[in-house]
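Let's read a protein model together, one feature at a time. Bring your questions, and we will go from the general idea to the case at hand.

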Amino acid sequence: MTHSQSHKQILDNLTGAVLLLDGQLCIQYMNPAAEMLLEATVRRLKSRPIEDWLSSSEEELAVLRQSLASGHPYSKREARLVTQTGQELTVDYSVNPIPDAGILLEIQARDRLIRIEREEELLTRHASARILVRGLAHEIKNPLGGIRGAAQLLDRELDRDELHDYTRIIIDEADRLRHLVDRLLGPHKLPTIEPVNIHAVLEHVCSLVTAEVGGRIKIVRDYDPSIPEFNGARGQLIQAVLNIIRNAMQALEEAETSAPQITLKTRALRQITLGAERHRLVCNLEITDNGPGIPEEITDTLFYPMVSSRAQGSGLGLSIAQSIMNQHRGLIEFTSEPGCTRFNLFIPLEPSHDTSR
């Protein structure tokens, strides 16, 4: 193996994006990480001007050309980069002129690093909340059983009908609290695992939603038919999607949004990191509504149990949905502003050796 081949092999295996530009700032080489970042191959970008994929700022390009002429390296922080699919990324990049070769450009996508850190924090917080809730729930269920049993025994001994009303209240309230605790605990483990088609899940949910809202809310579908089946718990996935869509429905109706609309969009994403685990192929289900948005004061705790922006809400729907996604090795993220609230459900599509977590 020659030195040139050895150097290329090293660059090809780097996780950071590396590009070599010639004297006209045209791409001569991109490692696989750069192709993944820019969502295009070197063959496709070789003929494209640098303005199409790095920067349209004349000042920024002037500095790049000056570095090429002077031979002085420099770094740029929080620059905007546009991929070939039109996605904007925030990146840091370093420019290192190489004599008689051009410019070596190293690009680090900040969006992905920030997203990974945010996802890891989200998963950690959710796991901590689940541990706390489970501990409290078990502590509550034990005395509830004793209270209910004592009320039943007392009910048998009473000889006046009006006193039975009091014991019935105790029994009913104990049952209500037990049901609430069971919902707080959420699903303990995955039921029967089977091949699941995400669009079949969505169509089932749409049929339920349509029956509830009549024609008051418009449901828009934007599906990617190439998404393959994956192993999952169909019933729980239906519950997770339904919880999010019902939240959107209720927000739209309570705010009396003009021309209310919910959009369901599916896309296949490649090489996505969820928390600390990297996945080759992920299904991204995007649920968007044009409602009033989520209040800023609850955005950091939205997936915690008993957190809700609605007076009549229990605050359990999103917590349960996140638990279901976690059991499928995925997660839920959201962004919200007035007029656009978007929930993204990420579900890994490759088989898992552990489907009971």
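Predicted model: local features only at pLDDT ≥ 70, side-chain atom pairs only at ≥ 80, totals over all residues.

Q: In which sense do β11 and β12 pair, and over how many bridges?
A: These two are antiparallel, with seven bridges joining β11 to β12 (residues 340–348). To find one in the viewer, pick Thr335: its bridge partner in β12 is Arg342.

Q: Which residues touch the most other members in the largest nonpolar core?
A: That core has 43 residues, and the best connected are Val241, Ile245, Ile262, Ile287, Phe343 and Leu345. Two or more residues each come from α7 (198–213), α8 (234–254), β9 (261–274), β10 (277–289), α9, β11 and β12. The largest share, ten residues, is given by α8. Another core lies apart from this one; it has 27 residues, among them Ile27, Ala79, Val91 and Ala109.

Q: What does Ile262 touch, beyond residues up to four places away in sequence?
A: Its contacts include Ile219, Val220, Ile245, Ala248, Leu252 and Ile287.

Q: Is Thr341 buried or exposed?
A: Thr341, in strand β12, has a relative accessible area of 4%, so it counts as buried. Its side chain makes a polar contact of 2.9 Å with the side chain of Ser336. Among its other contacts are Ile287, Asp289 and Ile294.

Q: How many salt bridges are there?
A: The count is nine. Let's take three of them, starting within one helix. The general idea is that an α-helix has 3.6 residues a turn, so residues three or four places apart point the same way. In this model, the side chains of Arg176 and Glu173 meet at 3.0 Å, N to O. Because they are three residues apart in helix α6 (residues 161–185), about one helical turn separates them. Arg176 is partly exposed at 48% relative accessibility, and Glu173 is partly exposed at 36%.

Q: Which residue forms a salt bridge with Glu212?
A: Its partner is Arg246, with the closest N and O atoms 2.5 Å apart. Glu212 lies in α7 and Arg246 in α8, so this pair ties together parts that are 34 residues apart in sequence.

Q: Which residue meets Arg342 in a salt bridge?
A: Glu286 does, at 3.3 Å from N to O. Arg342 lies in β12 and Glu286 in β10, so the pair ties together parts that are 56 residues apart in sequence. Arg342 is partly exposed at 26% relative accessibility, whereas Glu286 counts as buried at 16%.

Methods: Residues numbered from 1 in each chain as written. Heavy atoms only, no water. Pairing = 2+ DSSP bridges. Helix = DSSP H or I, 4+ residues; strand = E, 2+ residues; numbered from the N terminus. Core = buried A, V, L, I, M, F, W, Y, C linked by side-chain atoms within 4.5 Å. Buried < 20%, exposed > 50% of the residue type's maximum accessible area, 1.4 Å probe, protein only. Contact = heavy atoms within 4.5 Å. Polar contact = N/O pair within 3.5 Å; in protein donor to acceptor, adjacent residues only side chain to side chain. Salt bridge = Lys/Arg side-chain N within 4 Å of Asp/Glu carboxyl O.
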